Amino acid sequence: MALIIFACIVAVNIIQAQTLFTYGDHAVSKNEFLEAYNKNADPSGNRQEKLKAYLDQYINFRLKLQAAYDEKLDTNEELKAEMKNFKSQLADNFINKQANLAGLMQEAFLRGQKDILAQQVFVRFEGNDTGAAYKQISQALKELKAGKDFEKISVQYSNVQAVKDVIGNIGYITVFTLPYSIENIIYNLKPGNFSEIYRSGQGYHIFKNAGERPAAGRRKIQQLLFATPSLYSVEQLNRVKKQADSVYSILQNGASFTSFLPLYGHNYDEEADNAIEVGTGNYSNDFEKEVFDLKAAGDISRPFKTAYGYNIIKLLEILPVPSNEGNATYEAYLQTQMQNSGRLDAAKNKLVETWLSTTGFKKNDYEEAALWAYTDSALKNNGKLFVSHKIIRPEMVLFQFAGKKITVKDWIGYLKSKNISGIKALGYGRQMDDFIRESCSEYYRKHIEDFDSSVPKQLKEFNEANMLFYIMDKNVWSKASRDSAGLKNCYVLHKDNYMWKQSVIALVISAPEKNIAKSIASKIKSSPSQWRNIAAAYGNGIYADSSRFNINELPVKTHIEYENGFQTMPESNDEGNVYTFIHVLSYNREPEQKSFEEARGAVINDYQEEIEKSWIKSLKSIYPVRVHENTFKMLH
C-alpha cells in the first residue's frame with residue numbers, strides 16, 4: 001500500500017513539474033509553451049529574458065482565449081462558417097500538392113518562355129470506322145521517316161481542306177494554346193522533328209516542331225470591327241472597306257479611338273474598358289500578326305481584312321513573359337490558366353483512384369437492373385422515392401466510406417441535381433461511376449483531417465485566432481473607438497506624446513509597376529497641383545494620397561530633403577509588386593502640437609492599451625495565475 005501511495009505521489013510530482021503555469025483550473029505544460037515560443041523565436045540576445053517576456057504575453061493570450069471559450073465563441077455560427085472555408089482551403093492546398101501543382105506551374109513557366117511553330121498532318125475519321133484513316137496516316141509517317149518534305153506530305157495525306165490550304169501550318173503556339181496532351185507532344189519535340197501518330201477525338205495527327213522563337217508574350221488591345229458577312233456582294237465589301245478607311249483617316253487626324261467603340265467595338269460594353277488580351281495561338285494567324293506588329297502603346301494599325309471583316313486595332317499595353325519565376329502577377333496568370341485549361345483538374349481526377357482505397361470505399365451488392373428500373377420510375381415522377389418496391393428501398397446503402405454511407409436516396413438526389421430525367425441502363429452505369437468518384441472526392445475533402453495530420457492543429461489555431469479577434473474587438477478595440485469621452489481624456493492626459501516633430505506635407509503614390517510609377521512621378525513633378533487627375537488617369541491600380549507625416553513615419557527608406565518639390569525614386573516593396581514614391585509639397589522643421597483629430601489614430605492605440613491592461617487585470621482575478629518557477633528555470 002505504501003508503495004502505491006509513493007508511486008502516485010511521484011506521478012503527481014512529474015505532472016506538476018511539467019506544468020509551467022496555471023490560470024484558474026487550467027494548466028499549460030512546458031512543452032506546449034515552448035512549441036508556441038519556438039514558432040517565431042528570435043535567436044539573438046539573452047534567451048531567458050526573451051522567454052520571460054514571451055511568457056507574460058502567452059499568459060495574457062491564454063486568459064483572453066479562455067474568456068472567448070467562456071462566452072462560447074467556439075459555437076458562433078459566423079466563426080464556424082469561416083473555419084469551414086479555411087478547412088476547404090487546406091484541402092485545396094493538400095490536394096494541389098498531391099496533384100503536383102508546383103511541378104505543373106514550373107512546367108508551364110518554362111514552356112511559356114518560348115513559342116513553337118507547329119505543323120501537322122491530320123487525317124479525320126468518321127464514327128467508329130478508323131481503319132482507313134489509320135492506314136493513311138501510317139503511310140504518311142512512313143514517308144516522313146523516309147525523309148519526305150513535311151508540308152508536301154501534309155497536303156498529300158491530310159483529308160481536311162482547311163489543313164491542306166495552310167500546308168499543315170498550325171501557327172505559333174505557346175503554353176495553354178492547345179490541349180495539354182498535344183502540348184506535351186509538341187514541347188517534347190526538338191526543332192525540325194516530328195511526332196509519332198497521335199489519336200484525338202476527331203482523327204489521327206502527326207505533329208512537327210517547325211521552329212522556335214523567344215515568347216512573344218501577350219498584348220492588350222482595343223478593336224474596331226467592320227463586319228463583312230459571307231453573303232456580302234463585292235459592292236458591299238467595298239463600301240465596308242471605304243468606311244474602315246474613313247475611320248482610320250479620322251483617327252490619324254487626332255480623333256479618340258474610344259469614341260468609335262460604341263459603333264464598331266467588338267462586343268462593346270459601355271461599363272468596361274473593352275480591352276482584349278491577345279496571346280500566341282489565341283486568334284487566327286493573320287489577326288495575331290497585325291497585333292504583334294504594333295510596337296508601342298498607343299499605336300494604331302491600318303485597316304486589315306480577316307475572315308470576320310475589316311479591323312482597326314489599338315495597342316494598349318505590352319505584357320512580356322517574365323524571365324524570373326518570382327513574378328507574382330505572372331504566377332497568378334499561370335494559375336488561372338491552369339484552372340481554365342483543365343490540366344489541374346485532370347491531375348486531381350487521377351488521385352480519386354488512390355482516394356477510393358484510402359477512404360475505405362466499399363461497394364455493396366445490389367441488383368443493378370432493379371436499381372435502374374427504380375431510378376427510372378423515381379426520375380419520371382420528379383424524384384419521388386417509392387418505399388413499396390420489393391427490392392430497392394430509399395435507405396438501402398449502395399456504397400460506403402469509412403465514416404459515411406451513401407444510399408439510394410443520395411443517388412436519386414445526385415441525378416436530380418444533374419437535371420437527369422431518365423436515360424438508358426448503360427447510361428445509369430456511367431452515371432453511377434461518376435457518382436462514386438464525386439462522392440469519394442467530396443468525402444475526402446470533408447474529412448481532410450483524416451488524411452493530412454497537420455490539419456487538426458491548423459484548424460484549432462485558425463479558430464482560436466478568430467475567437468481572439470472577436471473577444472478583443474468586443475472588449476478592447478471597438479470599446480475604445482466608441483468611447484469619445486475616454487479618448488479625449490486620454491489625449492488631454494498624454495498631450496505631450498502627440499507632437500509634430502520635423503514633418504512634411506507630402507504626396508504618397510504607389511503603382512504596380514516601376515515604369516508606371518516613374519511616369520506618374522514625372523508628370524506630378526511638372527504639375528503637382530494636378531496630382532489627383534494624373535493618378536486617376538492611370539486607372540484603379542494606383543494609390544494616391546496627401547497627408548502630413550513626421551519624417552520617421554514616411555513609407556520609404558530614402559532620405560527626405562526639406563525642400564518643396566523634393567521627390568524620391570520609386571521604391572519596391574518586399575514582394576516586388578508595388579512601387580512607392582514621395583513628393584514633398586511643404587515642410588516644417590519646428591515641433592508643433594497635434595490637434596485631437598490629427599492625433600486620433602495614436603490616441604486610439606494608447607487608449608486601447610489602457611483598456612486592455614484593465615481587462616487583463618480583471619481576467620487575472622477570475623483566473624488566478626500561478627507560474628511554476630522551477631519549471632521555468634528548466635526551459636532552454
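User: What makes the residues of H5 and H9 count as meeting, and which residues are they?

Analyst: Contact means heavy atoms within 4.5 Å. By that rule, Leu104, Glu107 and Arg111 in H5 meet Tyr180, Glu183, Asn184 and Tyr187 in H9. By class, this contact has three nonpolar, one polar and three charged residues. Here Ala, Val, Leu, Ile, Met, Phe, Trp, Tyr, Cys and Pro count as nonpolar, Asp, Glu, Lys and Arg as charged, and the others, Gly among them, as polar. The model is predicted, so local features need pLDDT of at least 70 and side-chain atom pairs count only at pLDDT 80 or more, while totals for chains, interfaces and linings use all residues. Residues are numbered from 1 along each chain as its sequence is written, and side-chain values use heavy atoms, with hydrogens and water left out.

User: Why is H5 called oblique to H9?

Analyst: Two packed helices are described by the angle between their axes and the distance between the axes. H5 and H9 pack at an angle of about 55 degrees, with their axes 12 Å apart. Angles under 35 degrees count as roughly parallel, over 145 as roughly antiparallel, 65 to 115 as roughly perpendicular and the rest as oblique. The angle of about 55 degrees falls in the rest, and therefore H5 is oblique to H9. Axes are lines fitted to C-alpha atoms, for helices over the stretch in contact, and angles run from 0 to 180 degrees between N-to-C directions.

User: Why is H6 called roughly antiparallel to H7?

Analyst: The axes of H6 (residues 131-145) and H7 (residues 150-157) come within 10 Å and cross at roughly 160 degrees. That angle is over 145, so H6 is roughly antiparallel to H7. In this pair, Gln136, Gln139, Ala140, Glu143 and Leu144 in H6 meet Phe150, Ile153, Gln156 and Tyr157 in H7. The contact has five nonpolar, three polar and one charged residues.

User: How do you know that Arg111 and Glu107 form a salt bridge?

Analyst: A salt bridge is a side-chain nitrogen of Lys or Arg within 4 Å of a carboxyl oxygen of Asp or Glu. For Arg111 and Glu107 the N to O distance is 3.4 Å, so the pair meets the rule. The two are four residues apart in H5 (residues 101-111), and therefore about one helical turn separates them. Glu107, Arg111, Glu183 and Arg343 are linked in a network of salt bridges.

User: Why is Arg111 called buried, and what is Glu107 called?

Analyst: Buried means under 20% relative accessible area, exposed over 50%, and partly exposed in between (1.4 Å probe, protein chains only). Arg111 has 9% relative accessibility, so Arg111 counts as buried. Glu107 has 23%, so Glu107 counts as partly exposed.
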